Amino acid sequence: MVLVVLDHDGNKLRKGTLEALTRARRLAEGLGEKVAGVLLAEEGAPLEEARKYVDILYTATLGPYTAERWAAGVLAAAKEGAKAVVAPSSRQSRTYLGRVAYALKAGLLEDTLDSSLEGGEVHATRYAYLNRVTQRVKAPLPVVLTVKPNTTPLAEPLGTSAEVVPLSVPQVPTVEVLERVAEEKKGVSLTEANVVVTGGRGMGGPEAFKLVEELAALLGGAVGATRAVVDAGWRPYGEQVGQTGKTVQPTLYIALGVSGAVQHLAGMNKSKYIVAVNKDPEAPIFKHADYGIVGDVHQVLPALIEAVKKL
Ligand code: FAD
């Protein structure tokens, strides 16, 4: 079987999971194997939705997330005979899939843009050096593979409802979660948004982000921030785009008062259309922008909002 880690938000499968399912189906087809899913939950999980996408569904409720627990859950399912484990790439998957690969003595192909089966090996493409080059990599089976968001068509339901197999997950010595403070979620998720409006240090202060929020809301998008802004405490870390933040690939990326440092570009330079507003005509961001406006954000942004309102 090819095992897919079915990442979800408690109610719904995440978009990245539907991409991972497409990749898993392609591998399974080449191998003549079934597609199994593993649905791990802290409490609730979208069981009925998950059953529609796989041939067999392994489930376990594990309590608060820790990397050790999640690795043990995926391994319990993988030990049923997985030739490959496919998961959406996320900050969380990075913390536990290395353990899974190690335990399975499998190669780990992370953040892949595509993947295929060639002569019994899995070949994949991924970015390296801050997205400046792509590299082709390969690993023999068994393999653990993660799928970079927004690279793959979304899987459709199979039109069947899979058998559900509860897993017996061994207790592992683990970190105990004493308290958890959830990040406040507003609007669309940054990594899944079709439009991202990012404010940089050029916004001048946290209050100016009200207008960034307004433009994002008008366009049905999400707010992003540079590290300079997050480090200054103007915006939460969850909004940081870049090498040490999130990777986004929306159709439209609007960068307001962002210089375009290489570490920021690493998280957004695959966006389809990039619009930059900066008062410095020499700002590096303009080299990557499809449309550039040289001007003061405090004048340009209100004008943009008014223009969008008239659409
Ligand atoms: P600045 O570089 O200060 O740029 C502000 C821009 O705003 C300037 O171009 C200026 O001309 C313009 N401006 C100023 N006032 C106005 C105005 N009124 N109207 C219009 N334009 C105006 N950065 C990230 O963003 N994400 C990361 O994940 C990240 N990871 C990093 C990892 C490492 C290891 C390191 C070393 C750095 C990382 N950085 C990251 C930081 C990065 O190098 C830059 O420092 C940061 O991206 C700069 O943010 P900024 O563009 O908001 O600020």
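In which loop is Pro 142 found? Pro 142 sits in the loop between strand E8 (133-140) and strand E9 (143-147), where helices (H or I, at least four residues) and strands (E, at least two) are DSSP runs numbered from the N terminus. This is a predicted model, in which local features need pLDDT of at least 70 and side-chain atom pairs count only at pLDDT 80 or more, while totals for chains, interfaces and linings use all residues. Residues are numbered from 1 along each chain as its sequence is written, and side-chain values use heavy atoms, with hydrogens and water left out.

**Backbone features**
- Leu 141 and Pro 142 are joined by a cis peptide bond, with omega at about 0°.
- Asp 111, which is found in strand E5 (residues 107-112), has a positive phi of about 60° although it is not a glycine.

**Helices H5 and H8**
- The axes of helix H5 (residues 209-218) and helix H8 (residues 297-309) come within 10 Å and cross at roughly 25°; axes are lines fitted to C-alpha atoms, for helices over the stretch in contact, and angles run from 0 to 180 degrees between N-to-C directions.
- H5 and H8 are therefore roughly parallel to each other, given that angles under 35 degrees count as roughly parallel, over 145 as roughly antiparallel, 65 to 115 as roughly perpendicular and the rest as oblique.
- The contact (heavy atoms within 4.5 Å) is made by Leu 211, Val 212, Glu 214, Leu 215 and Leu 218 of H5 together with Leu 301, Pro 302, Leu 304, Ile 305, Val 308 and Lys 309 of H8.
- By class, the contact of H5 with H8 has 9 nonpolar, no polar and 2 charged residues; Ala, Val, Leu, Ile, Met, Phe, Trp, Tyr, Cys and Pro count as nonpolar, Asp, Glu, Lys and Arg as charged, and the others, Gly among them, as polar.

**Helices H3 and H4**
- The axes of helix H3 (residues 67-78) and helix H4 (residues 91-104) come within 8 Å and cross at roughly 45°, which makes H3 oblique to H4.
- Ala 67, Glu 68, Trp 70, Ala 71, Val 74, Leu 75 and Ala 78 in H3 meet Thr 95, Tyr 96, Arg 99, Val 100, Ala 103 and Leu 104 in H4, and the residues of this contact divide into 10 nonpolar, 1 polar and 2 charged.
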